Amino acid sequence: MGHSHAFIHEQNLYPRPQRAHQCIYCKSTTTEFKSVEHVAPETLGTETSILPRGYVCTPCNNEFSKVEDIFLNTLPMSMMQFIVTKVDKVGRFPSVHYQKVHFQKTSPNSIKAVSQAGRSSRIAATKLPNGMFNLKTPDLTSTFSHIDCARTLFKMAIGAIAIEQGRDVALRPRYDPARSFALHGGTFPNWLLVEKNVKPRGSATLEWRQLEPLGTGALADIFGVRFMFGLEPVEPSTPAPESTRAADYLIFDLRRTDKGPHIT
Ligand SMILES: [Zn+2]
């Protein structure tokens, strides 16, 4: 074995494809493994990392397709996707219909919003100091679910750990509660923070690191919406991270299934 070969394996610079199949989400070694798996939903861009075949089993792949679709189709995520889309697949400015409001891009930087609820205007736009607009209308309600959102983010984070550190690290027992939550839903004893200041952009990134006392912490940026979350359970008495303030973040308690945010 040459020196550089050994170096690459030691550093886990890429996963070792010769290893027996094992799913990083359900830990199965015997189910079907038909395809590669995108760490982030494919609609977030073609440059997302890909886990090789043998890392995610077919049943988990199918389940996460559903979970990701639910998350990306909620407001505000689908709205962010509309905002960052320059032109649709046939080269026209995109349009989208939510509940009782029709949105149409009329130029790269302008959006026309028409309420179909009645004659009088039911949409109020306020320009913010950062140049963005705050849109208020009674004809549109958020369908955001912090649980569906967190399941997608947890799935992405475990996939990112497998890519960067290797499958053995992703399979460590410390991530068992996180993989169970990603796969089956329910609740998770930790927090999800969503930064209020959004800078729309057409891509997704995910970073993670060890944080005390939260264990493995991750930061995901999807269409410019920044999410922070802990991948490991914390004690019930652990407060939301001190470095964050409700003025800057929407804070969701993943122990609760009722609609948040839970700290304001
Ligand atoms: Zn699986």
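**View 1. The whole chain.** The secondary structure of this chain comes to 6 helices and 12 strands, where helices (H or I, at least four residues) and strands (E, at least two) are DSSP runs numbered from the N terminus. This is a predicted model, in which local features need pLDDT of at least 70, side-chain atom pairs count only at pLDDT 80 or more, and totals for chains, interfaces and linings use all residues. Residues are numbered from 1 along each chain as its sequence is written, and side-chain values use heavy atoms, with hydrogens and water left out. Of the 264 residues in the chain, 43% are buried; buried means under 20% relative accessible area, exposed over 50%, and partly exposed in between (1.4 Å probe, protein chains only). The chain exposes about 14400 Å², and carbon and sulfur atoms supply 53% of that area (Shrake-Rupley method, 1.4 Å probe; for residues, only the protein chains shown count as cover).

**View 2. The zinc site.** Here you can find the zinc ion with its protein donors, the SG atoms of Cys23, Cys26, Cys57 and Cys60, lying 2.3 Å from it. Donors are N, O and S atoms within 2.8 Å of the metal (3.2 Å for Na, K and Ca); water is not among the atoms, so sites may look incomplete. Angles among the 4 donor atoms run from 105 to 118°, and the site is tetrahedral (for four donors, all angles between 85 and 135 degrees). Along the chain, the donors follow the spacing C-x2-C-x30-C-x2-C. Cys57 is buried, with a relative accessible area of 1%, and Cys60 is buried too, at 4%.

**View 3. Phe144 meets Phe252.** A search of the whole structure finds 9 aromatic pairs. Rings of Phe, Tyr and Trp (its six-membered ring) pair if their centres lie within 6.5 Å; planes under 30 degrees apart count as stacked, over 60 as edge-to-face and the rest as tilted. The ring centres of Phe144 and Phe252 are 5.4 Å apart and their planes meet at 50°, so this pair is tilted. It links distant parts of the chain: Phe144 sits in the loop between β7 (133-136) and α4 (146-165), and Phe252 in strand β12 (residues 249-253), 108 residues apart. Both Phe144 and Phe252 are buried.

**View 4. A cluster of rings.** Which residues do ring pairs link into a cluster? They are Phe154, Phe181, Phe188 and Phe229. The rings of Phe154 and Phe181 have centres 5.1 Å apart and planes at 70°, so the pair is edge-to-face. Phe154 belongs to helix α4 and Phe181 to helix α6 (residues 176-184), 27 residues apart. Phe154 and Phe181 are both buried.

**View 5. Charges over rings.** Arg167 lies over the face of Tyr55, at 4.1 Å from the ring centre. In another such pairing, the charged end of Arg255 sits over the ring of Trp191, 5.2 Å from its centre. A charge sits over a ring if NZ of Lys or CZ of Arg is within 6 Å of the ring centre and within 35 degrees of the ring normal.

View 6. Most residues other than glycine have a negative phi, and most peptide bonds are trans. The peptide bond from Leu75 to Pro76 is cis, with omega near 15°, and Pro76 lies in the loop between α2 (58-72) and α3 (77-84). Gln99 is not a glycine, yet has a positive phi of about 50°; Gln99 is partly exposed, with a relative accessible area of 38%.

Note on methods: Tetrahedral: all angles 85-135°; square planar, octahedral: opposite > 155°, others 65-115°.
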